[in-house]
Amino acid sequence: MTESHTHKSWDQASQARLRVSRLVLSWGEEAICQDVSFSVNAGELVCLVGRSGSGKTTLFHAVAGLTVPDGGSIFLDGRDITGRAGEVSYMLQKDLLLPQHTILENVAMPLLIAKVPRKRAFATARESFATFGLEGTEGLYPSQLSGGMRQRAALLRTYLMDNNVVLLDEPFSALDALTRKDLQAWFLAMLTELDLSAMLVTHDVDEAVAMADRVLVLGSQTPGAARPSTIVGEVEVACPRSDRADFVLSSEALALKRQVIALLG
Ligand SMILES: Nc1ncnc2c1ncn2[C@@H]1O[C@H](COP(=O)(O)OP(=O)(O)OP(=O)(O)O)[C@@H](O)[C@H]1O
């Protein structure tokens, strides 16, 4: 039996869609992440929080296959995808829409890059505009949309990469507080509707507890040193997505935030 077969039975038993095992990452001589292991289960939203510079983006790049780790492995449904791009969808921190292209052209980009014929790419993209609350914006340009709408378009573009695991790096951070709240609630409903598993980087402990099924904390175990980072703890948020609006105001949510903040150190 090969190594990946061994992991496949393990993953299926544990429902892990994505499994990261003992990842080691560095930039040149500098060790950024050391011995990072975690999994994302089917349908789960995991939020990754960590101080600035702890290596969240570096970790996401590796999971997305944009860099090859110095050690460790990444499995998707039990398949070793270490160093392979395109297996999980990734929305970068500054995933800007191209200003000179229409929303339809922007959203269809992953399909066009995958060499789907233009007509079919646009038809496929159009089908999801209503689901993402973007109907009527197909022919508009990014500058004609509100920040929230632009972010929905970027999320739709990520969705059209057509993987059932998505990585999102601070997708709501540039939005004003009210738009962010609306979009967070909408995003949770979308994840459920589309049956996606997701991992989201955020600086914002409130956002993590408001959205996640599980919060992972990336931090250093070496006193006084910011790096190398590892997963220093996790906090489970056992609240149905539909009840989150009330939950965030509860003493239970406050207690969970305290736990996350304590892990951040
Ligand atoms: N392209 C790069 N080349 C060299 N070093 C890098 C590069 N990108 C990141 N680093 C190093 O890795 C460290 C971690 O950066 P990273 O962006 O992963 O952290 P982060 O937790 O996402 O930070 P933030 O929350 O501020 O976005 C940085 O402090 C920097 O030293």
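Two remarks on conventions come first. This is a predicted model, in which local features need pLDDT of at least 70 and side-chain atom pairs count only at pLDDT 80 or more, while totals for chains, interfaces and linings use all residues. Residues are numbered from 1 along each chain as its sequence is written.

Let us turn to the domains. The protein is divided into domain 1, made of 3–88 + 163–264, and domain 2, covering 95–162; such bounds come from an automatic or database domain assignment. Between the C-alpha centres of domain 1 and domain 2 there is a distance of 25 Å. How many residues of domain 1 are in contact with domain 2? There are 10 residues of domain 1 in contact with eight residues of domain 2, where contact requires C-beta atoms, placed from the backbone, to lie within 7 Å. On the side of domain 1 that touches domain 2, the largest share, four residues, comes from helix α7 (residues 177–194). Helices here are DSSP runs of H or I with at least four residues, strands are runs of E with at least two, and both are numbered from the N terminus. By class, that side of domain 1 has seven nonpolar, two polar and one charged residues. For these classes, Ala, Val, Leu, Ile, Met, Phe, Trp, Tyr, Cys and Pro are nonpolar, Asp, Glu, Lys and Arg are charged, and the others, Gly among them, are polar.

I move to the strands. β1 and β2 pair in the antiparallel sense over eight bridges, and pairing means that DSSP finds at least two bridges between two strands. β1 also pairs with strand β4 (residues 71–76), again antiparallel, over five bridges. V20 illustrates both pairings: V20 stands opposite F38 in β2 and opposite I74 in β4. The hairpin of β1 and β2 has two residues between the strands, and G28 there takes a positive phi near 60°.

Next, the backbone geometry. Most residues other than glycine have a negative phi, and most peptide bonds are trans. Which strand holds R22? R22 is found in strand β1 (residues 16–27) and has a positive phi of about 55° although it is not a glycine. R22 is partly exposed, because 13 other C-beta atoms lie within 10 Å; the limits are 20 or more for buried, 12 or fewer for exposed, and partly exposed in between, with C-beta atoms placed from the backbone. D35, in strand β2 (residues 30–41), likewise has a positive phi of about 55° without being a glycine. D35 has 15 C-beta neighbours inside 10 Å and therefore counts as partly exposed. Finally, the peptide bond from R227 to P228 is cis, with omega near -5°, and P228 lies in the loop between β9 (214–220) and β10 (229–236).

I close with the ligand. The residues around the ligand include W27, E30, K56 and H203, the criterion being a C-beta atom, placed from the backbone, within 6 Å of the molecule. Which element gives the largest share of this shell? That element is α2, with three residues. β2 and α2 (56–63) each supply at least two residues. The shell divides into two nonpolar, eight polar and two charged residues.

Note on methods
Two residues are in contact if their C-beta atoms, placed from the backbone, lie within 7 Å.
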